[in-house]
Amino acid sequence: MNNLVRSELFKLRSTKLAGILIGLWLVISSAIAGAIAGLGDLEDLSTIADQSEALRFSWSLLGLLLMPVVGVAIATSDTNHRTLGMTLLNEPNRVRVVIAKALTALQAGAGAGVLTGFLTIVVAP
């Protein structure tokens, strides 16, 4: 099972999608925070607590939007790498393959949550 999870994590890291999603996450979260600051009342963002709240909202909203894309990428990574046949020859039990994909998605989601929380604490105390 560990080898299956490791191979799924490798497939997730080795596609272009990982870099594109990180770039989108940074650009769109900055745009959302800028839109909140630009469209809101300046009195609403007068305190540091209100500013950090807006930044936390933009990061969490973006995580909700991009994590399903990561889940789809994990589920379909075998098609992109053309490794489904090899995966099933190596592990013929498809339930174990699906469990490995679910564990990979769980690890990716937990990593994104930890990263978002860390950035929120560091940038918007």
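## Order of elements

From the N terminus on, the elements of the protein chain run α-α-α-α-α-α, and its secondary structure comes to 6 helices and 0 strands, where helices (H or I, at least four residues) and strands (E, at least two) are DSSP runs numbered from the N terminus. This is a predicted model, in which local features need pLDDT of at least 70 and side-chain atom pairs count only at pLDDT 80 or more, while totals for chains, interfaces and linings use all residues. Residues are numbered from 1 along each chain as its sequence is written, and side-chain values use heavy atoms, with hydrogens and water left out.

## Chain totals

Buried residues make up 28% of the 125 residues in the protein chain; buried means under 20% relative accessible area, exposed over 50%, and partly exposed in between, with a 1.4 Å probe and protein chains only. The protein chain exposes about 8,100 Å², of which carbon and sulfur atoms supply 70%; accessible areas come from the Shrake-Rupley method with a 1.4 Å probe, and for residues only the protein chains shown count as cover.

Among the contacts in the protein chain with a separation of 6 or more, residues 24 or more positions apart account for 81%, contact meaning heavy atoms within 4.5 Å. Ala112 is found in helix H6 and is partly exposed, with a relative accessible area of 26%.

## Nonpolar core

The largest nonpolar core has 8 residues, namely Leu12, Leu21, Trp25, Leu66, Val70, Ala73, Ile74 and Ala108. Helix H2 (16-39) and helix H3 (48-75) each supply at least two residues of this core, and H3 gives the most to it, with 4 residues. A nonpolar core is here a set of buried Ala, Val, Leu, Ile, Met, Phe, Trp, Tyr and Cys residues joined through side-chain atoms within 4.5 Å.

Leu12, one of the core residues, touches Ala18, Val70, Ala73, Ile74 and Ala108, not counting residues up to four places away in sequence. In soluble globular proteins, nonpolar side chains tend to be buried together.

## Salt bridges around Glu8

The count comes to 3 salt bridges, a salt bridge being a side-chain nitrogen of Lys or Arg within 4 Å of a carboxyl oxygen of Asp or Glu. Glu8, Lys11 and Lys101 are linked in a network of such bridges. The side chains of Glu8 and Lys101 meet at 3.1 Å, N to O. Because Glu8 lies in helix H1 and Lys101 in helix H6, this pair ties together parts that are 93 residues apart in sequence.

Glu8 is buried, with a relative accessible area of 2%, and, not counting residues up to four places away in sequence, Glu8 touches Ile74, Ser77, Asp78, Ala100, Lys101 and Thr104. Lys101, placed in helix H6 (residues 94-123), is also buried, with a relative accessible area of 13%. Under that sequence limit of up to four places, Lys101 touches Glu8, Ile74, Ala75, Ser77 and Asp78. The side chain of Lys101 also reaches the backbone oxygen of Ile74 at 3.2 Å, and Ile74 is itself one of the residues of the nonpolar core.

## The bridge between Arg96 and Glu91

The side chains of Arg96 and Glu91 likewise meet in a salt bridge, at 3.4 Å, N to O. Arg96 counts as partly exposed at 30% relative accessibility, whereas Glu91 is buried, with a relative accessible area of 16%.

## Nonpolar surface patch

Met1, Val95, Ile99, Leu103 and Leu106 form a nonpolar patch on the surface, with about 430 Å² of accessible area together. Patches are made of residues with over 30% relative accessible area and no salt bridge, like charges being joined within 9 Å and nonpolar side chains (Val, Leu, Ile, Met, Phe, Trp, Tyr) within 5 Å. Ile99, one of the patch residues, lies in helix H6 and is partly exposed, with a relative accessible area of 38%.

Notes. A polar contact is a pair of N or O atoms within 3.5 Å; within protein, one must be able to donate a hydrogen and the other to accept it, and residues adjacent in sequence count only if both atoms are side-chain atoms.
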